[in-house]
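Here are some notes to read alongside the model.

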Amino acid sequence: MPRLVSHPDEIKLVSRRFGMGATNIDRYLELGGYEAVKKCLAQGPEWIVEEMKASGLRGRGGAGFSAGMKWSFVPKQSAKPKYILVNGDESEPGTCKDHLIFLHDPHAVIEGTIIAGLAVGAKMGFIYLRGEYRYLLEIMERAVADAYDRGYLGKNIFGSGNEFQIITQTGAGAYEVGEESALMESLEGKRGVPRIKPPFPAVVGLYGGPTVINNAETIATVPQVITMGAQAYAALGTPRNGGTRLFCISGHVERPGVYELPMGYNLKKMIYEVAGGIRGGRKLKAVVPGGSSTPVLLPEEIDIGMDFDQVGKAGSMLGSGGVVVIDDQTCIVEFALRTISFYAHESCGWCIPCREGTDWLKKSLTRFHAGFGTDADIGNMQYLAENMLGRTFCPLGDAAAMPTIAFLKKFRKEFEDHLNGTPCPFAREGVPQLTVV
Amino acid sequence: MSPTSETMSLFSPALARRFDALVEKYPVKRSALIPMLLYAQDEVGYLSDAVVAEVAQRIGITELEVRNVATYYSMLRFKPAGKFNIQVCTNISCMLRGAYEVYERFQEELGVGPKGVTSDGLFSVEEVECIGACCWAPAIQVNYDFHDDLKPDLVPGILDQYRNPIQDQEKDQEKNA
């Protein structure tokens with residue numbers, strides 16, 4: 001069972017019911033559950049969308065797009081049915097927040113999905129979890145069945161005359177399916193390759209109908225925004241970055257865990273105070289601030305507020321909230337290799353710059369780390385990565401290229417130290433070097 | 001669709017019923033494909049030719065289309081794995097906290113290499129990408145069960161849990177009593 005953590009600086013909204021038995025529907029009701037959806041039924045769709053816009057809630061999957069804006073793009077009239085799609089395909093390395101939401105508060109996901117449905121006039125929602133989360137799917141399935149039994153889902157939800165159905169399912173192991181259009185392909189029973197945009201999902205999405213697709217954390221936040229009010233929620237964060245966020249702090253810290261902190265919380269403080277500093281009294285070498293696709297930050301770059309805009313200004317991205325902390329005993333070349341091996345494995349092969357680029361980068365880095373690199377490799381890897389940027393249907397190509405460029409630029413000396421057959425200065429005894437699989 | 005006589009032998013009645021429900025569940029039948037493949041694999045152990053044929057027939061697509069989709073997803077396999085498939089995450093958060101040491105230990109204890117299956121067919125071990133347990137790293141999955149905060153020394157104990165499930169059931173009964 002994943003360990004829960006706590007820190008006085010946390011503001012627990014999305015995580016407020018963690019560890020409180022809220023998978024039980026009666027317990028969820030005792031803890032204020034399903035009140036937000038009743039408020040929404042009374043207020044109507046336009047009010048919901050306006051509240052969401054005013055809350056400053058931005059997508060928690062990584063792109064950081066305003067949830068309210070996204071909902072407002074769905075056409076009011078549509079010949080085809082509209083759908084809500086909850087993206088719980090959480091697969092970005094360093095990210096494990098949705099895991100806890102499904103485990104501890106499945107009804108918050110259901111409630112948020114119903115509210116999204118009311119807002120855009122959809123009668124059906126899908127909750128899609130990654131295939132590895134089978135035990136979490138079973139928790140979600142029980143919660144959905146309980147909600148049907150109470151009449152919170154079905155033909156006449158809460159006696160309001162509105163219909164809303166929810167279908168839950170999992171994938172079967174594919175990072176790429178976390179991309180919104182690839183997720184729709186997967187739900188339609190196909191290979192998870194991305195679709196070209198436009199048209200955007202809000203207009204042509206699942207089964208060709210207008211579709212809202214939101215990250216599971218975004219959806220679980222919706223009832224909180226409705227309950228406390230958009231203004232109060234927005235005020236917790238920084239301008240244009242409303243509310244709180246689940247930050248997954250992992251790697252070389254004393255107290256790794258998922259902490260809910262206000263948007264804009266200082267990254268340095270997050271590492272040294274909230275997560276207890278670097279493990280074993282070692283020194284900090286680097287931080288990956290928002291999941292493995294985000295460019296690495298150096299110790300002197302981490303005195304920044306963790307919101308989309310400030311991390312962007314620092315040359316990286318807030319991404320999915322996965323803060324990976326790296327100590328000074330770590331080989332950055334090996335770390336880069338492991339990062340790129342992942343993207344090479346997960347590239348769906350649809351776009352050539354990504355399919356070939358990730359594979360070349362992986363091969364170059366493997367050779368480089370093994371002590372067979374050449375001077376030209378560093379420049380070649382950089383050239384290759386820069387030419388992948390922006391040349392693919394979906395962001396996976398960028399997700400591999402951006403961190404590569406940052407590793408090469410910020411740790412050039414460490415790459416140079418690996419040249420000319422020098423063994424890796426950080427090689428760990430008894431642990432084999434990574435090899436090409 | 002009612003189960004055919006071949007289905008009865010290929011899948012358990014419970015799984016056949018689940019399939020009947022799955023093809024009715026979605027606005028479009030084909031949406032049931034990936035869940036069906038996963039549940040079939042859970043029961044049969046892998047996607048055998050018979051499984052592919054049966055799923056294709058139930059959804060009304062060709063076997064080629066089923067294979068085309070199934071080969072995309074890393075959890076779906078066309079060869080049997082061990083009864084307990086040990087999946088060691090070695091991605092960055094797990095690697096930083098010793099995942100490769102854990103992975104090595106599993107291979108040593110079982111006497112098999114990557115993707116190897118033990119001769120009794122009980123265990124297989126493989127390296128996998130991020131499984132969404134980064135804050136409790138290093139983490140593994142044995143089939144669908146998560147094990148968090150691992151160290152190489154915990155490996156023998158985990159294997160014993162799966163080797164001696166009867167003892168565990170007795171413990172559960174004691175707890176419930």
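1. Keep in mind that the model is a predicted one.

2. Chain B has 177 residues, and 53% of these count as buried. Take the contacts in chain B whose separation is 6 or more: 61% of them come from residues 24 or more positions apart.

3. Are the residues of α8(A) mostly covered or mostly open? The helix is mostly covered, since eight of its eight residues are buried. They are A:Glu180, A:Ser181, A:Ala182, A:Leu183, A:Met184, A:Glu185, A:Ser186 and A:Leu187. After α8(A) comes A:Gly189, with a positive phi near 80°.

4. Helices α6 (residues 106-120) and α7 (residues 134-149) of chain A pack against each other with their axes 9 Å apart, at an angle of about 55°. This angle makes α6(A) oblique to α7(A). The crossing of the two helices is right-handed.

5. Which residues form the contact between α6(A) and α7(A)? On the side of α6(A) they are A:Pro106, A:His107, A:Val109 and A:Ile110. On the side of α7(A) they are A:Ile139, A:Met140, A:Ala143, A:Val144, A:Asp146 and A:Ala147. By type, the residues of this contact are eight nonpolar, one polar and one charged. As background, an α-helix has 3.6 residues a turn, so residues three or four places apart point the same way.

6. A:Thr244 is in strand β5 (residues 244-251) of chain A. Is A:Thr244 buried or exposed? A:Thr244 counts as buried because its relative accessibility is 1%, and the cut-off for buried is under 20%. Its side chain makes a polar contact with the side chain of A:Glu260, at 2.5 Å. Leaving aside residues up to four places away in sequence, A:Thr244 touches A:Ile11, A:Leu13, A:Arg60, A:Tyr233, A:Leu236, A:Glu260, A:Leu261, A:Pro262 and A:Met263.

7. A:Thr392 sits in a loop of chain A, between α15 (375-388) and α16 (396-410). A:Thr392 is buried, because its relative accessible area is 18%. The side chain of A:Thr392 reaches the backbone oxygen of A:Cys394 at 2.8 Å. Among residues beyond four places away in sequence, A:Thr392 touches A:Cys351, A:Pro353, A:Cys354, A:Gly397 and A:Asp398.

8. A:Glu300 is also in a loop of chain A, the one between β7 (284-288) and α12 (308-313). Is A:Glu300 buried or exposed? A:Glu300 is exposed, because its relative accessible area is 64%, and exposed means over 50%. Between A:Glu300 and A:Lys285 there are 9.7 Å in space, C-alpha to C-alpha, and the two are 15 residues apart in sequence.

Technical notes:
Residues numbered from 1 in each chain as written. Chains lettered and ligands numbered in written order. Predicted model: local features only at pLDDT ≥ 70, side-chain atom pairs only at ≥ 80, totals over all residues. Heavy atoms only, no water. Helix = DSSP H or I, 4+ residues; strand = E, 2+ residues; numbered from the N terminus. Buried < 20%, exposed > 50% of the residue type's maximum accessible area, 1.4 Å probe, protein only. Axes fitted to C-alpha atoms, helices over the stretch in contact; angles between N-to-C directions. Parallel < 35°, antiparallel > 145°, perpendicular 65-115°, else oblique. Left-handed = near helix turned anticlockwise from the far one by under 90°. Contact = heavy atoms within 4.5 Å. Nonpolar A, V, L, I, M, F, W, Y, C, P; charged D, E, K, R; others polar. Polar contact = N/O pair within 3.5 Å; in protein donor to acceptor, adjacent residues only side chain to side chain.
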